[in-house]
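Hi there,

Here is the structure I promised to pass on to you.

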Amino acid sequence: MAKHKGTGRRGFLKGAAAGAAALVGSTGSAPAQEPAGSARPAAAPPSVPQRALETGPVASVSAEIIEAPGSDYMVDVFKSLGIEYYAANPSSTLKSLHESILNYGGNQAPEFITCTHEEASVAFGNGYYKIAGKPIVAGLHGTVGSQHAAMAVYNAYCDQAPVIVIMGNILDAGQRRSYVDWLHSSQDVAAILREYTKWDDSPVSLSHFGESAVRAYKLAMTPPLMPVALVCDEPLQERPIPREFDRHIPKLGTLAAPTADPATVTQLAKMLVAAESPVFIASRCARTAAGMKSLVELAELLQAPVVDQHFRLNFPTRHPLNYSYRTRDVIPTADVVVGFEVMDFWASLHAFGRGREANPRRITKPGAKIVSITATDLFTKSVYENFQRFEDSDLAIAADAEATLPFLLEAVKREMTPGRQRAIEARGAKHAAAWPKAYEQDKLAASYGWDSSPISTSRLSMELWAQLKNEDFSLVNDTVFLQNWPLRLWDLKQHHQYIGGRGGEGLGYGPPAAAGAALANKKFGRISLNIQGDGDFMYCPGALWTAAHHKIPLLTVMHNNRAYNQEVMLVQRMAGEHKRAIDRCGIGTTLTEPNIDYAKMAQSMGVEAEGPVTEAKNLAPAIARGVAAARRGEPYLIDVVTQGR
Amino acid sequence: MIRVACILLITAALALAQGNPENGKRVFMKQMCYRCHGTDGQGGAGPRLAPKPISTEALIKYVRNPTGQMPPYTNQVTDAALADIRAYLATIPAPPPVKDIPLLNQ
């Protein structure tokens, strides 16, 4: 993406005249590409002066001194909101804000984090939020930067991760100085993000900006948490702050999450105390450590099994009530199922048949009561169908689960009777007896292929656990493509130890989101581990440079199966169903010939790295070096050649 | 004549039952079975196949008409090649007992 250097008004007039001349005689309907030798006249290319505006040095114009540009006030607003970081690729439409952050704001709170792609800037904020519990600002350059960032915004939207997106633009056509300004401007630049942000606005004055920025923060941080977008018009940044403007910044105040009403909470408490086999399902229940603590307390109070779907760490992995990977042991026999911020509640309660038609069937027993508590019922958009299939629940509570849990706990305690207490204790004993057997089964499954080359994902996971179990660490990417071994076998008890993955399942998330989370972890002296798939990595490897540049302690361990393995399997399935060659399904799905050298990629960006590691016996020393580097506050990458899953 | 035919059939059946593990490994890799089942049949997205694989007859029957997410291999692999795959899977040794793997007991 090209970025143009700033020019003065004189430069604009000169370029505009030349550009107008160049456009004379061009046709408006020619296709973008013409075959070689076509007689059709080509569209006129940008003129020399126009190209100079885009690629040359800043034009020599009369200097205009502006001692207090509007962007200084914008920095004041960010500071008032406690914004620690501004992640961006440098942008001409945000250049005044950029400069104000550096010099007026002292490049502290917010500090400029240099990203190599707008997708990375937003993903960085997605990961950062899940550790820090608050948003960053991500700067996007006009139309093209917003287009780059769109998928990452969608990921954050689906992941209920607030990011404050600032979009550069030049709304006033009279202020645009080159053809590039026109290319990168829009009458409604936020439109591209509108269907997957909670709110957006295009302020036309500084007082408007201040109010909208505080409103944006408030909306982003009120459950359901989501990204918001604020257009930051270039002239508004660059013009002086009007003398009459008092630089007032609206007060944010304390934000309280929406909770269920007392009567409904009591109704649910009665159901739970009376239930013989209640089950809890949680996706993003625990926004914070407090949410995890409350869910554990409620589960123990009722001895209710918990299915953690791991979009956050909602429940300790080795807790006897953890049934995350044994759902069929509890859901079909449940008489009450409560979903706490469940992303896809319907699919949690159904099984699919084989074949073109889904042929779903409900797996709960007849008469089972279904209850949902979710803030997503308070805010749902239409176009993108991340809201999932409708679940016909008996009680749908539109409220934030984490904020409601303390009230539910108190209500359950009130409703408890000695008789029910004895029954609940007996239930707990059964679960406690079942868990060790299930854990032994997982360990046995992990042992198969223990010494394989390529290295098994279970071996990789346990080699990592051996060296991290005594560290304060955080697993900052998901584990779905390595059979979730860390969540099945590691002893994770703290909310920050696992933060889930891509909300919208869009690739290009891992490296930048991990870097953002790792930066948030840095202040705690915490090691961040990213077990990183190779396919996702190749979307935005530049995040490694960001980690090196900003000295972010991030240990990246490549899960390098040299393929988009999911797609290998899917295309194999198609070939099988079509009775055609399955051995050709590596075409378009594998990352071989040549193999990618991830260690060299990392080294080229200033990240110490090693690999490829192909033998399991060589893993331990490599991991030791990686952990040592992270302890020193440095990023490190280990390229591990792995099994498909 | 009948005796000769019977001998040939028995010989073919024995060959099918025994299989050629080297060729089996080659076919297992070429057909990318390892993408789901692991290079040593240890399982992954697909179920574990080794050690102690199912019988050749059961393997052929399942591969031709599988359930779950497995693609049907109706005509891409011969019965003899499937017998070879089974022979390859049969050569894969059992892992050490879990109790003898310190990393799985931490």
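Predicted model: local features only at pLDDT ≥ 70, side-chain atom pairs only at ≥ 80, totals over all residues.

Let's start where the two chains meet. On one side are 34 residues of chain A, and on the other are 30 residues of chain B. If you want to find the chain A side by its elements, those that give two or more residues to it are helix H14 (418-447), helix H15 (457-468) and helix H20 (565-577). The most comes from H20(A), which gives eight residues.

Next, the domains. Chain A is assigned domain 1 (70-238), domain 2 (262-432) and domain 3 (448-641). The centres of domain 1 and domain 2 of chain A, taken over C-alpha atoms, are 36 Å apart. Eight residues from domain 1 of chain A and 11 residues from domain 2 of chain A make the contact between them. On the domain 1 side, that contact consists of four nonpolar, two polar and two charged residues.

How many of its residues are buried? The count is seven of seven, and the strand is mostly covered. One face carries Ile527(A), Leu529(A), Ile531(A) and Gly533(A), while the other carries Ser528(A), Asn530(A) and Gln532(A), and all of them are buried. E15(A) also has pairing partners. With strand E14 (residues 473-475) of chain A, E15(A) pairs in the parallel sense over three bridges, and there Phe473(A) is opposite Ile527(A). With strand E16 (residues 554-560) of chain A, E15(A) runs parallel and is joined by six bridges; here Asn530(A) is opposite Thr556(A).

Finally, over to chain B. Helix H2 (residues 21-30) packs with helix H5 (residues 79-91) at an angle of about 105 degrees, and their axes are 7 Å apart. H2(B) and H5(B) are therefore roughly perpendicular to each other. From H2(B), the residues in this contact are Pro21(B), Asn23(B), Gly24(B), Lys25(B), Val27(B) and Phe28(B). H5(B) brings Ala81(B), Asp84(B), Ile85(B), Arg86(B), Ala87(B), Tyr88(B) and Thr91(B). Taken by class, the residues of the contact between H2(B) and H5(B) are seven nonpolar, three polar and three charged.

Note on methods. Residues numbered from 1 in each chain as written. Chains lettered and ligands numbered in written order. Contact = placed C-beta atoms within 7 Å. Helix = DSSP H or I, 4+ residues; strand = E, 2+ residues; numbered from the N terminus. Domains from an automatic or database assignment. Nonpolar A, V, L, I, M, F, W, Y, C, P; charged D, E, K, R; others polar. Buried ≥ 20, exposed ≤ 12 C-beta atoms within 10 Å, placed from the backbone. Pairing = 2+ DSSP bridges. Axes fitted to C-alpha atoms, helices over the stretch in contact; angles between N-to-C directions. Parallel < 35°, antiparallel > 145°, perpendicular 65-115°, else oblique.
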